Amino acid sequence: LSQLFRPLDLLGMVYRTVRQGVIDMGAMFDLIDTPADVTDVPDAKPLTIAKGHVRLEDVRFAYDEREILKGITLDVAPGSTVAVVGPSGAGKSTLARLLFRFYDVTGGRITMDGQDIAQVTQQSLRSAIGIVPQDTVLFNDTIGYNIAYGKAGATKEDIHAAARGAAIADFIERLPDGYDTRVGERGLKLSGGEKQRVAIARTLLKDPPILILDEATSALDSRTEAEIQATLERIERGRTTIVIAHRLSTIVHADQIVVLDSGRIAERGTHAELLRRRGLYAEMWTRQQAEREEKMAAQ
Ligand code: ATP
């Protein structure tokens, strides 16, 4: 039966790639899909990151009248990984947008190494943070250019090293034009996993102390997912990381898991602690495990 569905899968993949794959500039990150309306304060200083200690203190946020985040307090220790999970619409992406100061908080504050992010220059804040978005938007240019975008003045060696780190170098080197292969709307279409690797390579070049990973909602095939996961775990090392996760299986090893529900932190702890609580997280875990088993049985 699975044979029968394969051509359909392929068609679906091509369709998705065409539909989501290539948008010019504009919507660079899925995470930051609306224009920013924040400005630097008159005497804004550059953010200086020594350790990468991120703190949210009673953070509140509303896009309009409706409050989306209702008092979030969170301490992300330097170099640690915090995963944010929760039902759709809980406010996970909103939280990530606030960290990048794409919007200003409406209450409380966010600090990085003790500095309120509303008081520092946006340019310095954004250069300290790397984002691996759900759907990477590629420029209509070469694959080399698309990677180099992570760092102004990147050399060929830098680009190749980043591609190796993101486990995409072999793929690129097998292309007839290698790093000069044109990608995007008018060039080679990359799969979801390949695009995500380009985003990882960009981030490796940027080498930021703070990382925001927005996990793709659409599942990659399990082998690609495992490979991407291994690469992500490598780049997380030594950086303060905030992961917006949809699949709980990818964040089992996070130092801290935060369950957001209707704009509040409903539960927090490690995977094992949260399972023992038998609350919302345990319920989500059981449901996702059952879905996985069902999927595997159907294959
Ligand atoms: P998902 O898992 O589905 O991505 P999420 O937890 O990331 O959901 P958010 O994207 O943060 O949720 O959205 C939280 C709430 O804020 C939702 O009710 C959403 O409709 C609303 N929202 C998101 N973006 C905007 C916006 N730009 N303007 C107004 N409301 C918004």
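**Close-up views of a predicted model**

View 1. Among the 10 helices and 10 strands of the chain, six strands come together in an open sheet, in which the order is 6-7-8-3-9-10 and the pairing is mixed. Strand 6 (129-132) and strand 10 (264-269) each have a single partner strand, so these two stand at the edges and one side of each is left without a neighbour in the sheet. From one strand to the next, the twist averages 20 degrees.

**View 2. Helix 2 against the sheet.** Helix 2, made of residues 92-99, packs on the sheet and touches strand 3 (81-85), strand 7 (210-214), strand 8 (240-244) and strand 9, while the direction of helix 2 makes about 150 degrees with that of strand 8.

**View 3. Strand 8 between its two partners.** How many of the five residues of strand 8 are buried? The strand is mostly covered, with five of its five residues buried, and the burial extends to both faces, since Thr240, Ile242 and Ile244 lie on one side and Thr241 and Val243 on the other. Strand 8 pairs with strand 7 in the parallel sense over five bridges, and in that pairing Ile242 of strand 8 is the bridge partner of Ile212. With strand 3, strand 8 also pairs in the parallel sense, here over four bridges, and Val84 stands opposite Ile244 of strand 8.

**View 4. The antiparallel pair formed by strands 9 and 10.** Strand 9, which covers residues 256-261, runs antiparallel to strand 10, and five bridges join the two. Asp261 stands opposite Arg264, a residue of strand 10.

**View 5. The buried face of helix 5.** Which residues of helix 5 (residues 156-165) are buried? They are Ile159, Ala162 and Ala163. When helix 5 is seen down its axis, these buried residues fall within an arc of 100 degrees, so they line one face of the helix. The buried residues of helix 5 pack against helix 4 (143-148), helix 6 (169-174) and helix 7 (192-206). After helix 5 comes Ala167, whose phi is positive, near 55 degrees.

**View 6. The shell around the ligand.** The ligand is surrounded by 11 residues, of which the closest are Tyr63, Ser88, Lys92, Ser93 and Thr94. Helix 2, with three residues, gives the most to this shell. Sorted by class, the shell holds three nonpolar, seven polar and one charged residues.

**View 7. The chain as a whole.** The chain has 299 residues, and 34% of them count as buried. Among the contacts in the chain with a separation of 6 or more, 74% are accounted for by residues 24 or more positions apart.

Note on methods: Residues numbered from 1 in each chain as written. Predicted model: local features only at pLDDT ≥ 70, side-chain atom pairs only at ≥ 80, totals over all residues. Pairing = 2+ DSSP bridges. Axes fitted to C-alpha atoms, helices over the stretch in contact; angles between N-to-C directions. Contact = placed C-beta atoms within 7 Å. Buried ≥ 20, exposed ≤ 12 C-beta atoms within 10 Å, placed from the backbone. Arc of directions from axis to C-beta. Near = placed C-beta within 6 Å. Nonpolar A, V, L, I, M, F, W, Y, C, P; charged D, E, K, R; others polar.
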